[in-house]
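Here is a walk through a two-chain model.

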Amino acid sequence: MKSFFKKRTQRKLGKIPSGTFSLDREGQIIASTMPQWFPVAEMRDIGGRVLAFFRNAQQAQMPLQELNVYYPTLRVTARNLRGGALIFLLPQTLPKK
Amino acid sequence: MGSTDTATRSKILLVDDDQDFLEVYWEFLKTLPSGPEVHTASTGPRALAMLESDPFQLLIVDLNMPKMDGLQVIAIARRKYPHLRIVVWTCIADEHFRARAYGMGVDQYWQKPGSEHDRQNFLDSIESIMQRDTQGGFRGVQSKSLVDLIQLECLSQNSSTLKITNGSLKGSIWIQNGELFDAETEELKGETAFRKILAWRTGNFELLPGDEARERAIFSSYQGLLLEMAQEMDEAGGPVAHNDGSHVGMDGMTPLVGLTRFEGVQFVLSVGPEPKCELKSYGLESVDLISDWTQKSLRDFSDLGDFLQVGPVQQITAMSTSNNVALADSSKGDLCVGFRSTLRSDEVRETMRNILAKWES
C-alpha cells in the first residue's frame, strides 16, 4: 500500500544515538556532539518535541526547567534555556547480572 | 550595650549596595510615624559589624550584593540575633529565593517598589512591624497552618492582609478588626475564594497590613467557615477536586486519593483510556490544561520512542524551582503526579515507580 506520509530515513537497527546538542527557540541546531551517522533532521525532530513540551507546560501554568524521558534503552534529558534547549541523549545499559 | 535612648527609639539598619536607593529610603524611613533611627550599610560585612556594635530592631536587606550576598547576611544575622526582625528588599522576583528567604526566617519579602503605591505599601508594612515591636508580643513560629493563622489574627482582633502562594497560585485573605472581610484567588472572590485557598495543602504566606478600603464580601463568621471546611475536608479525606471543579468525597476516588499518601505528592491527575478519557484529579487547579498537556506529552515521546526503536516511554519527569512533575502511561490511562519541588530527580522517579505499581494494582 502506498504511504501518504513523508518517509523517514531508517537507521541501522539497534544503534542508539549518544551525544548532546543545543537548539534555539526556533528549533535550529546551534551546536552538536552527536555522531555523524545521526541525521540532523532527527535532531530537529527530537528538539521540536522537547521545545513543545516546555512550551505547552508553560501554557498549562507549569513552567519547567528540566525534562527527563526514560525509555528502556535510552534516557533523554533536556534543559530549558530561555526558549531554546540543551538536549542529552544517554543510552542506558542493562544492569549486569 | 545601647543607651536608654537607643532602647526606647527603634533602630533600622538598611543594607544595599545601591547608594541611590540607600539615600532615598533613608529619607523615607526616617519619616515613619514611629520615628525610627535609620542607619545604612552598603555591604554585608559592614552590616554585620554594625549589628555587632549596636542593637537594631529591624534589618532591611537587599539580596543581590557583591562579596557577601543578602542570604549570607540573613543566615548570620538570624543565628546571632534571633529576635531581630528581617525584611528582604530586592529586585529578584524568583519564587525560589522568596521561599528560601522565608525558610531562613525572614519576616517579609518585598520586591523593590516600582510605583508610588508600592512604596507606600512598603513603608506601611515597615511601620506595622515597628509598632508591633513596641506593643510587645511573641513571634518566632515559622511554620503554622493557615487555619491557625486566621484564627490567631481574628482572635487578636487584628486588621491584616494574608498573601498566600501555592506554587503558581496566589491568593489573598483580608481581615478587618478580627472579622473575615474578603478573599480572592484566580477569578474567585469572597467565600468561594476563601474555601479554595483553605483547600491548598501547602504554600507560603505573608502577613501584610490591613486594607481599610476593602469592601466586605464575606459575611459568615470565621468560626463557622473554618468549622464547615474542617468537616468537608475530614469527610473527603483531604481536599478533593473533581474535573468539573466540584468537591467530592472519597466514594469512587479512593485509589486516586490513596496515591497522595506517598512522600512529597502534591497532586494527582488520571486521564482514563480512550474513547471516554475520564478525568479524575486530586489537589489540582487547572485540570483541563494539565490533562491536555499530559496526554500530548506522553503521545509525543511515545512516538519518538517508536521511531528511535528504544522501547516504550517508562516515565517522564520534569523539574523546576516551584514544580516537580512525573507522567506515565498505565493500563488505566495516563497519570500525572505533582511533587514538592524539594524532591530530587531520582526521588521523584523512584516514588513515581512505586505510585505506578500501586495504581496498576
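Begin with chain A. It holds one helix and five strands. From the N terminus on, the order is β-β-α-β-β-β. Of its 97 residues, 29% are buried. Take the contacts in chain A between residues at least 6 apart in sequence: 36% of these join residues at least 24 apart.

Now follow the strands across the chain boundary. An open sheet of 10 strands runs in the order S2(A)-S1(A)-S5(A)-S4(A)-S3(A)-S13(B)-S14(B)-S15(B)-S11(B)-S12(B), with antiparallel pairing. Strand S2 (29-32) of chain A and strand S12 (279-282) of chain B stand at the edges; each has a single partner strand, so one side of each lacks a neighbour in the sheet. On average, neighbouring strands are turned by 15° against each other, direction ignored.

Where do the chains join within this sheet? Strand S3 (residues 66-70) of chain A pairs with S13(B), antiparallel, over five bridges. In that pairing, B:Thr317 of S13(B) is the bridge partner of A:Asn68. At the chain B end, strand S11 (residues 265-271) pairs with S12(B) over four bridges, again in the antiparallel sense. There B:Leu269 stands opposite B:Ser281 of S12(B).

Two helices pack on these strands. Helix H1 (residues 40-59) of chain A lies across strand S1 (19-23), S2, S3, strand S4 (74-81) and strand S5 (84-91) of chain A, together with S13 of chain B. H1(A) runs at about 120° to S5(A). H11(B) also packs on the sheet, and its direction makes about 70° with that of S11(B). H11(B) touches S3 and S4 of chain A, as well as S11, S12, S13, strand S14 (324-330) and strand S15 (333-339) of chain B.

Turn to the contact between the chains. Chain B gives 27 residues and chain A gives 24. On the chain B side, helix H11 (287-308) and strand S13 (315-319) are the elements that give two or more residues. H11(B) gives the most, with 11 residues. The chain B side divides into 13 nonpolar, 12 polar and two charged residues.

Is A:Met62 buried or exposed? A:Met62 is buried, because 21 other C-beta atoms lie within 10 Å and 20 or more count as buried. Beyond four places in sequence, A:Met62 is in contact with A:Ala57, B:Ile290, B:Asn323 and B:Val325.

Next, the nonpolar cores. The largest has 55 residues, of which A:Val50, B:Ala326 and B:Val337 touch the most other members. Beyond four places in sequence, B:Val337 touches B:Leu259, B:Val265, B:Val268, B:Val325, B:Ala326, B:Met352 and B:Ile355. Another core lies apart from it, with 31 residues, among them B:Val61, B:Val88, B:Val106 and B:Phe122.

Finally, confidence. Chain B averages a pLDDT of 79, and 86% of the residues score at least 70. Among the elements of chain B, S13(B) has the highest mean pLDDT (95), and helix H1 (residues 4-8) of chain B the lowest (50). Residues 136-142 of chain B stay under 50, with two contacts beyond four places in sequence. Residues 238-253 of chain B are also below 50, yet this stretch has 30 contacts beyond near neighbours in sequence. Where pLDDT is low, predicted coordinates should not be read in detail.

How values were computed: Residues numbered from 1 in each chain as written. Chains lettered and ligands numbered in written order. Predicted model: local features only at pLDDT ≥ 70, side-chain atom pairs only at ≥ 80, totals over all residues. Contact = placed C-beta atoms within 7 Å. Nonpolar A, V, L, I, M, F, W, Y, C, P; charged D, E, K, R; others polar. Pairing = 2+ DSSP bridges. Buried ≥ 20, exposed ≤ 12 C-beta atoms within 10 Å, placed from the backbone. Axes fitted to C-alpha atoms, helices over the stretch in contact; angles between N-to-C directions. Core = buried A, V, L, I, M, F, W, Y, C linked by C-beta atoms within 7 Å. pLDDT = per-residue confidence, 0-100.
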